[in-house]
Structures are given as C-alpha cells and as structure tokens.
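User: I am new to this structure and would like to understand the words used to describe its residues. Could you go through a few of them with me?

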Amino acid sequence: MINIEIDSPDVDVRSGTSKNGQPYSIRNQIAWLHNGKKYPAEFKIRLQDGQTAYPVGKYTVDPSSFYVDQYGSLSLRTVLQPAKA
C-alpha cells in the first residue's frame with residue numbers, strides 16, 4: 001500500500017501567460033511518500049482547477065488515479081483518499 005502524508009494545507013500557486021497568450025495557473029501541495037525507507041520522500045501533488053487543498057492527515061492513492069492515456073500507456077493523475085485507521 002502507498003502511504004502518503006499531508007502535513008500542511010498550504011498550496012503553491014504559479015500563474016502566468018502561455019506563449020499563445022492563454023492565462024494559466026498551476027496549484028501544487030507538498031506531500032510525503034512513506035515508502036519503507038528511513039525517511040519519507042517529499043513530492044508535489046498537482047491540484048485540479050477548483051479543487052480545495054487536502055487537509056492535514058494520512059492518505060492512500062485512490063484507484064481512480066490510474067488511467068490509460070491516449071497512447072495506451074498506464075498513467076497517474078494523483079487522487080488521494082483518507083487512510084483507514
């Protein structure tokens with residue numbers, strides 16, 4: 001099982017204008033992957049437009065995160081679900 005921890009509700013927002021003149025906004029939240037090593041690994045979870053930040057807590061990866069992309073490859077769009085106690 002993949003164990004993920006959110007320890008802050010803070011969201012990093014980067015916005016601007018693309019080369020073709022379209023505005024964009026990228027919202028990331030910091031999470032920690034507990035993968036059996038001595039220390040967890042820090043990574044970013046990209047939040048979808050309109051998605052609220054994940055509350056502080058422990059999570060697992062929701063099965064809906066996995067999908068087959070347009071090229072027939074397995075891909076991941078990280079969606080978290082609260083971990084069961």
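Analyst: What follows takes some residues in turn and sets their values against the definitions. This is a predicted model, in which local features need pLDDT of at least 70, side-chain atom pairs count only at pLDDT 80 or more, and totals for chains, interfaces and linings use all residues. Residues are numbered from 1 along each chain as its sequence is written, and side-chain values use heavy atoms, with hydrogens and water left out.

User: Why is T17 called exposed?

Analyst: The relative accessibility of T17 is 56%, and because exposed means over 50% relative accessible area, buried under 20% and partly exposed in between (1.4 Å probe, protein chains only), T17 counts as exposed.

User: Why is S65 called buried?

Analyst: S65 has a relative accessible area of 0%, so it falls under the 20% limit for buried.

User: What makes S18 partly exposed?

Analyst: Its relative accessible area is 27%, which lies between the limits of 20% and 50%, and therefore S18 is called partly exposed.

User: How do you know that the side chain of S18 makes a polar contact with the side chain of N20?

Analyst: The two side chains are paired at 2.3 Å. A polar contact is a pair of N or O atoms within 3.5 Å, where within protein one must be able to donate a hydrogen and the other to accept it, and residues adjacent in sequence count only if both atoms are side-chain atoms; the value of 2.3 Å is within that limit, so the pair qualifies.
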